[in-house]
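Please look through the sequence and the structure shown here before reading on. The report is meant for a reader who has not seen them before.

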Amino acid sequence: MKKNIILMGPPGAGKGTLAKQLLKAFPFVHISTGDMFREAIKAQTELGKLAQSYIARGDLVPDEVTIGLVRERLSQDDCANGFLLDGFPRTLPQAEALEKLCEEIKRPIDSVVNLDCDNEELIRRISGRRVCKICGAPYHIITMKPKVEGVCDACGGPLFQRPDDNEEALKVRLDHYVHDTKPLLEFYDRRNLLVNFNSLVGSEQLFDEVRLYLEK
Ligand SMILES: [Zn+2]
């Protein structure tokens, strides 16, 4: 069985849904860097305080701080049964540092699960997303229609489109994503860790395929 997993995929490919399904089926700990930052800052660890000082100034947290936090988190006992890294690494230097620290703590990465999805389909999916202004419930104008157009089933609130969910903004986000992650995918491919899954098959089938693969 594969235990220590990196989950990758462009915005809209269904990463969030897949992560939830996997966390129910496997004893993995979910490691998202956003949550990790919030926890470290709340606990006021040394690295948490350091990260906070950058965030408070509006600066990006430097790699060595982020990697220090990842090391702290992955070393904890609850990660002994496996972890699912989500949103990290984002760059090649981060991937190299992660490889080194995983060796040091003897919890090597077993697999990199990458969700493939063609850009047109992603744009179709994301530009159809609508969200309730009042309760935040998600809808889709094709695949998850509300009973009454533009009105939330749950609370009657108005549905709206997030400003960054439009086609133009999405194209930019996807171009950035492809540009930024290509070297990472090549890095993991060279180590025979990369496995691509087509996320167009739908969330249930995608989950089944990934689960079967990880169980091997
Ligand atoms: Zn609502």
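The sections below cover the model, the sheet, the nonpolar cores and the metal site.

## The model

The structure is a predicted model. Residues are counted from 1 along the chain.

## The parallel sheet

An open sheet is built from 5 strands, which pair in parallel in the order β2-β3-β1-β4-β8. The edges are taken by β2 (29-32) and β8 (194-198); each has a single partner strand, so one side of each is left without a neighbour in the sheet. On average, and with direction ignored, neighbouring strands are turned by 25° against each other.

Strand β1 (residues 4-8) and strand β4 (residues 111-116) run parallel and are joined by 4 bridges. Across this pairing, M8 stands opposite N114 in β4. Helix α8 (residues 203-215) lies across β1, β4 and β8, and runs at about 155° to β8.

In soluble globular proteins, nonpolar side chains tend to be buried together. In this model the largest nonpolar core has 32 residues, and the members that touch the most others are L74, L98, I109 and Y188. At least two residues of this core come from each of β1, β2, α2 (33-43), α3 (46-57), α4 (63-75), β3 (83-86), α5 (92-104) and α7 (167-190).

L98 shows what such contacts look like. Leaving aside residues up to four places away in sequence, L98 touches I6, V70, L74, L85, F88, P89, I109 and Y188.

## The zinc site

Which protein atoms are the donors of the zinc ion? They are the SG atoms of C132, C135, C152 and C155, which lie 2.3 Å from the ion. The angles among the 4 donor atoms are 99 to 116°, and the site is tetrahedral. All angles fall between 85 and 135 degrees, so the four donors count as tetrahedral.

Along the sequence, the donor residues follow the spacing C-x2-C-x16-C-x2-C. C135 belongs to the loop between β5 (129-132) and β6 (138-140), while C152 belongs to the loop between β6 and β7 (159-160), so this pair ties together parts that are 17 residues apart in sequence.

The cut-off for buried is under 20% relative accessible area, and exposed means over 50%.

Notes. This is a predicted model: local features need pLDDT of at least 70, side-chain atom pairs count only at pLDDT 80 or more; totals for chains, interfaces and linings use all residues. Side-chain values use heavy atoms; hydrogens and water are left out. Donors are N, O and S atoms within 2.8 Å of the metal (3.2 Å for Na, K and Ca); water is not among the atoms, so sites may look incomplete. Four donors count as tetrahedral if all angles lie between 85 and 135 degrees; four count as square planar and six as octahedral if opposite donors are over 155 degrees apart and all others between 65 and 115; anything else is irregular. Two strands pair if DSSP finds at least two bridges between them. Axes are lines fitted to C-alpha atoms, for helices over the stretch in contact, and angles run from 0 to 180 degrees between N-to-C directions. Contact means heavy atoms within 4.5 Å. A nonpolar core is a set of buried Ala, Val, Leu, Ile, Met, Phe, Trp, Tyr and Cys residues joined through side-chain atoms within 4.5 Å. Buried means under 20% relative accessible area, exposed over 50%, partly exposed in between (1.4 Å probe, protein chains only).
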